[in-house]
Amino acid sequence: MAPDIDNRRNIDDAHNENPAASMSLLQAILDDPLGWGSLADDDVHQQKKTAPERIFVLILAAILAFITTVSVRGLLDPDKPGANVATHLIAQIEQHQQTVKRLETEVDELNGKIKVYSASDTSARRATPQVRQLAQLDALEGPGLTITVAEAADAEGKGRVQDSDLRALINSLWEGHAEGIAVNGIRIGPTTAVRTAGGVILVDFEAIEAPYVVSAIGDSEVLHNSVSSGRSGEYFSVLYSMYGISLSYKQESNLSLKPADIRTQAAASIDDPAEENE
């Protein structure tokens with residue numbers, strides 16, 4: 001008889017179960033078919049946590065909170081070195097900007113003064129006749145001496161007339177108080193250069209060829225002695241004896257020399273954009 005009683009109890013329990021419970025279980029499975037049952041397992045694990053574990057978690061959370069609080073306070077501490085680095089940098093930038101503005105103002109003021117002084121400058125005066133003569137700016141006529149520098153017909157290398165030879169002759173004539181000098185018709189001025197380029201002698205950047213005729217206005221006897229005597233005479237004697245370079249002199253009653261070609265320097269200027277916009 002006992003088995004019958006147990007079966008009845010099971011049947012009664014089955015009839016007494018709430019139908020909605022099975023529906024809720026089915027709904028849970030349909031909503032989350034993959035994660036169903038995990039919540040129940042978590043609840044089981046949470047229930048298994050002991051009191052010491054909970055105390056350890058609380059202590060760990062307190063330690064982390066303390067460390068975080070100390071770090072934040074340290075970063076916000078105004079007394080720490082380097083805490084106001086940004087403030088100092090901003091102050092320096094503002095100071096430099098003010099200095100730049102002040103210097104720009106001074107530059108503008110100085111430019112204005114320069115323009116005023118340039119407009120009222122009267123120092124540029126016409127050159128006096130003596131200055132023009134020294135600068136060889138005027139044509140010149142008068143008696144003088146003509147010197148022809150000739151080299152051997154088969155001269156080569158050092159046997160040819162060099163630029164240094166002509167310079168030595170020109171300097172000797174200046175020492176003889178020449179008023180004006182020309183080489184192959186090219187007037188010698190303060191900025192005239194006598195150089196050799198590619199085996200060719202250039203006078204004021206113009207190529208000349210032998211024979212070289214040097215004309216000088218002045219006292220012909222003094223000019224002749226200045227070239228033929230002293231150290232200059234010895235120099236040209238050596239040229240003749242070693243290389244066959246000879247000098248022939250001719251007194252002239254009237255020589256005419258054209259003005260020297262003075263090469264002036266030009267200065268570049270920068271236009272003011274503000275003036276162009278106006």
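Q: Does Thr-146 count as buried or exposed?
A: First, the model is predicted. Now the idea: a residue is called buried when its relative accessible area is under 20%. Thr-146 has 9% relative accessibility, so Thr-146 counts as buried. Thr-146 is found in strand S1.

Q: What else does the side chain of Glu-252 meet in a salt bridge?
A: The side chain of Lys-250. The N to O distance is 4.0 Å. Lys-250 has a relative accessible area of 51%, so Lys-250 is exposed.

Q: How many salt bridges does the structure hold?
A: Four. One of them joins Glu-151 and Arg-160, with the closest N and O atoms 3.4 Å apart. Arg-160 is partly exposed, at a relative accessible area of 36%. Another joins the side chains of Asp-163 and Arg-167, at 3.3 Å from N to O.

Q: How far apart are Asp-163 and Arg-167 along helix H7?
A: Start with the general idea. An α-helix has 3.6 residues a turn, so residues three or four places apart point the same way. Now the case here. Asp-163 and Arg-167 are four residues apart in H7, so about one helical turn separates them. Asp-163 counts as buried, at 13% relative accessibility. Arg-167 is partly exposed, with a relative accessible area of 29%.

Q: What span does H7 reach from its first C-alpha to its last?
A: Count residues, then compare the span with the expected one. H7 has 13 residues and reaches 18 Å. That is close to the 18 Å expected at 1.5 Å a residue. Among the buried residues of H7 are Leu-166, Leu-169, Ile-170 and Leu-173. After H7 comes His-177, whose phi is positive, near 65°.

Q: Which residues of helix H8 are buried?
A: H8 covers residues 220-228. Its buried residues are Ser-220, Leu-223, Ser-226 and Val-227.

Q: Where on H8 do these buried residues lie?
A: Look down the helix axis. The buried residues of H8 fall within an arc of 130°, so they line one face of the helix.

Q: Which residue caps the N-terminal end of H8?
A: To find a cap, check the side chains at a helix end. Here Asp-219 is the cap. A side-chain oxygen of Asp-219 lies 3.2 Å from the backbone nitrogen of Glu-221. Beyond the helix, H8 is followed by Gly-230, with a positive phi near 70°.

Q: How many helices and strands does the chain have?
A: Ten helices and eight strands.

Q: What part of the 278 residues counts as buried?
A: The figure is 19%. The chain exposes about 21,200 Å², and carbon and sulfur atoms supply 56% of that area.

Q: What share of the contacts with a separation of 6 or more joins residues 24 or more positions apart?
A: The share is 75%.

Note on methods
Residues numbered from 1 in each chain as written. Predicted model: local features only at pLDDT ≥ 70, side-chain atom pairs only at ≥ 80, totals over all residues. Heavy atoms only, no water. Buried < 20%, exposed > 50% of the residue type's maximum accessible area, 1.4 Å probe, protein only. Helix = DSSP H or I, 4+ residues; strand = E, 2+ residues; numbered from the N terminus. Arc of directions from axis to C-beta. Polar contact = N/O pair within 3.5 Å; in protein donor to acceptor, adjacent residues only side chain to side chain. Expected span 1.5 Å × (residues − 1). Contact = heavy atoms within 4.5 Å. Areas by Shrake-Rupley, 256 points an atom, 1.4 Å probe, with all protein chains shown as cover.
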